[in-house]
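Student: Let us work through this pair of chains carefully, one question at a time. I would like each answer to end on the value or name I ask for.

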Amino acid sequence: MRLTTTTSYSSIIDSERSALAIDVRNLTKKYKNGKVANDHLSLQVDRGTIFGLLGPNGAGKTTLVLQILGLLAPTSGSIYVEGIDVISNPEKVKPLAGYMPQTRIAMRNLEVDRALYITGRLRGQSHEQARKQSEGLLEMLDLTEHRKQFLDRLSGGLLRVAAMGMALMGDPHLVVLDEPTNELDPVRRRMVWDVILGLQDYYKHPVTCLLVTHNVLEAERIVERVAIIDKGKVAAIGTPGELKSQLGDEVRLEVVIKPDVLTEEIALKVEETLHDFGRVIPFRQGQYAVFVPRVGVGSATDKILGALDVLVDDFRLSPPSLEDVYIHVTGSKIELEDEQ
Amino acid sequence: MRRFWLEVRYLFTIQILEERGWLAGTIFFTTVFPLLLVFGLGLIGSGQTKEGLTYIITGSTISSLTFVGITMVGQSLGWMKDRGDFLYYASLPISKSSLIVAVMASKLVLQLPGIIAALVGGTLMYDLHFKPNPVVIIILPLTALALSGLGAAIGLLSPSYQLVNIFSQVAGITVMFAAPVMIPWESLPRVLQWFGWLLPPSYAADALRRAVLGINDTRLMMDLLVLTTCALVSIIGVTRGLRWRLR
């Protein structure tokens with residue numbers, strides 16, 4: 001696929017920063033109502049990587065993404081995308097970026113295939129390029145049987161997939177996907193992750209994917225680097241492995257209490273017992289994660305199971321997940337969608 | 001320029017296809033209202049004279065075009081922004097002016113049956129012998145375009161859709177009634193006579209009156225020149241003055 005824009009970029013590309021796909025430094029966004037959405041935030045994203053942006057609702061992720069795309073003016077700081085100064089040249093970034101917003105999508109009264117085709121044409125593709133790519137994407141995203149349906153009549157999940165197709169039209173070098181797996185069934189969710197993993201092969205050039213998601217457990221399998229955003233700042237950044245190592249040499253022991261024996265009194269007793277063995281995070285009613293030192297995990301497990309005895313319905317041992325890092329870093333419980 | 005018209009073509013297609021579900025209803029109302037206006041106003045006051053009836057028929061057309069340029073363009077963009085569609089357009093490598101022109105053109109097409117009905121129906125209703133000049137075809141989009149910059153500014157800069165509704169209607173009514181659109185220039189209060197010179201509908205109404213009466217003079221050319229300048233200022237103003245910013 002060929003970049004369809006005819007704009008000359010050589011004069012506006014900062015050669016020092018062009019090695020990075022995204023270079024954000026000291027970015028602050030303060031709204032008129034005084035709310036600080038991004039607070040001296042800095043992050044760098046290497047070209048051709050899948051970069052995850054995690055964080056609780058209201059952490060400033062979408063605000064950050066909108067500024068990276070040149071759709072929102074920052075209060076201070078700098079943003080470069082593929083070496084282009086986004087603040088001075090917001091229009092120059094648009095031919096390079098495909099964006100799938102989290103909120104409503106446009107063209108709701110148009111058929112799926114027509115929405116894809118028109119998006120391609122508006123992104124500068126010829127009739128043949130847009131026709132060919134929209135046909136290919138309908139097949140790749142398993143939308144062929146829904147191609148003549150109006151976007152407005154699609155289920156929430158299919159609408160997300162169609163919106164993703166619109167973001168992939170053209171020849172983007174940066175693809176920004178905001179919650180691409182919301183409302184998707186497990187089969188389509190897997191398909192979406194596969195498509196993201198295959199972006200480099202699809203476009204036949206390095207494509208950077210900025211992935212905003214709550215679906216931490218699944219995203220963990222595909223992201224190469226992650227930034228956890230909290231209260232407008234980068235609370236942690238690194239590869240999933242680097243972030244998980246922040247939790248130290250710990251193992252996650254998940255304990256599930258039988259629902260029929262669970263009372264407030266029992267819950268208190270369970271938490272007290274578990275606290276003797278390590279840091280405890282209750283993540284659902286009657287479900288607890290205890291982070292116990294790797295050394296001696298066997299005897300700790302025996303003791304816990306012995307102490308709780310008949311109350312335990314199930315338990316599992318696993319290395320810490322990105323979700324655990326998230327909870328550790330933000331100190332809050334992630335709004336888990338359906339990661340289980 | 002080729003790219004601009006390609007963008008307009010596809011953005012226009014989107015706007016028209018988005019209206020598909022309620023196209024019949026929209027055309028019905030946009031046709032009936034100008035006809036009723038011509039019929040109702042033609043029965044009272046100045047409507048009894050040929051000059052008065054000409055003012056009413058052409059004035060009704062200009063009021064429809066003012067409605068397209070300010071109210072409909074403002075409300076369309078405000079609505080896009082309010083429900084999140086605007087994010088899609090703002091993220092595309094398209095120009096602001098092509099979106100404004102496409103929105104304006106789609107609304108003009110929907111309003112066109114009403115405009116034609118008022119011109120033809122009014123002529124037949126009151127047995128007026130108009131000799132329309134083909135320049136009428138140019139006056140219609142130029143008028144709507146000359147006002148669409150104001151409509152776009154209201155739609156994109158107002159903090160909420162409710163305010164877009166209020167501002168676009170107030171601006172539409174102000175611009176229309178402060179100009180000699182329905183009422184002859186001489187009959188307007190002195191303040192409005194001066195103020196009217198600043199408003200594109202004054203020139204549009206004058207041009208349309210001359211065009212339907214078959215008058216092809218320097219004044220008509222001047223009116224067209226002013227309208228063209230206003231249309232260019234409107235589009236350039238939108239392109240340079242408004243940023244594709246969401247907040």
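Student: Which residues in H5(B) are met by residues in H2(B)?
Tutor: Contact here requires C-beta atoms, placed from the backbone, within 7 Å, and helices are DSSP runs (H or I, at least four residues), numbered from the N terminus. The H2(B) side consists of B:Thr26, B:Ile27, B:Thr30, B:Thr31, B:Phe33, B:Pro34, B:Leu35, B:Val38, B:Phe39 and B:Gly42. Their partners in H5(B) are B:Leu110, B:Gln111, B:Pro113, B:Gly114, B:Ile115, B:Ala117, B:Ala118, B:Gly121, B:Gly122 and B:Met125.

Student: How do the residues of this contact of H2(B) with H5(B) divide by class?
Tutor: Ala, Val, Leu, Ile, Met, Phe, Trp, Tyr, Cys and Pro count as nonpolar, Asp, Glu, Lys and Arg as charged, and the others, Gly among them, as polar. On that basis the contact of H2(B) with H5(B) comes to 12 nonpolar, eight polar and no charged.

Student: On what conventions does all of this rest?
Tutor: The model is predicted, with local features needing pLDDT of at least 70 and side-chain atom pairs pLDDT 80 or more, whereas totals for chains, interfaces and linings use all residues. Residues are numbered from 1 along each chain as its sequence is written, and chains are lettered from A and ligands numbered from 1 in the order in which they are written.

Student: Is H2(B) roughly parallel or oblique to H5(B)?
Tutor: Helix H2 (residues 23-42) and helix H5 (residues 96-125) of chain B have axes 8 Å apart and pack at about 30°. Angles under 35 degrees count as roughly parallel, over 145 as roughly antiparallel, 65 to 115 as roughly perpendicular and the rest as oblique. H2(B) and H5(B) are therefore roughly parallel.

Student: Is H1(B) roughly parallel or oblique to H5(B)?
Tutor: The axes of H1(B) and H5(B) come within 8 Å, crossing at roughly 45°. It follows that the relation of H1(B) to H5(B) is oblique.

Student: How many charged residues are in the contact of H1(B) with H5(B)?
Tutor: From H1(B), the residues B:Phe4, B:Glu7, B:Val8, B:Leu11, B:Phe12, B:Gln15 and B:Ile16 meet H5(B) residues that include B:Ser98, B:Leu99 and B:Val109. Beside 11 nonpolar and three polar residues, the number of charged residues in this contact is one.

Student: Which elements give two or more residues to the side of chain B that touches chain A?
Tutor: In total, 23 residues of chain B are in contact with 23 residues of chain A. The chain B side has 12 nonpolar, four polar and seven charged residues. The elements giving two or more residues to that side are helix H1 (2-18) and helix H4 (85-91) of chain B.

Student: In chain A, which residues in H5(A) are met by residues in H3(A)?
Tutor: The axes of H3(A) (residues 112-122) and H5(A) come within 8 Å and cross at roughly 20°, so the two helices are roughly parallel. From H3(A), the residues A:Val112, A:Ala115, A:Leu116 and A:Thr119 meet A:Ala162, A:Gly165 and A:Met166.

Student: Is A:Glu82 buried or exposed?
Tutor: A:Glu82 sits in the loop between strand S4 (76-81) and strand S5 (84-85) of chain A, and its phi is positive, near 50°, although the residue is not glycine. A residue is buried if 20 or more other C-beta atoms lie within 10 Å of its own, exposed if 12 or fewer, and partly exposed in between. Because A:Glu82 has 23 such neighbours, it counts as buried.

Methods:
Axes are lines fitted to C-alpha atoms, for helices over the stretch in contact, and angles run from 0 to 180 degrees between N-to-C directions. Two residues are in contact if their C-beta atoms, placed from the backbone, lie within 7 Å.
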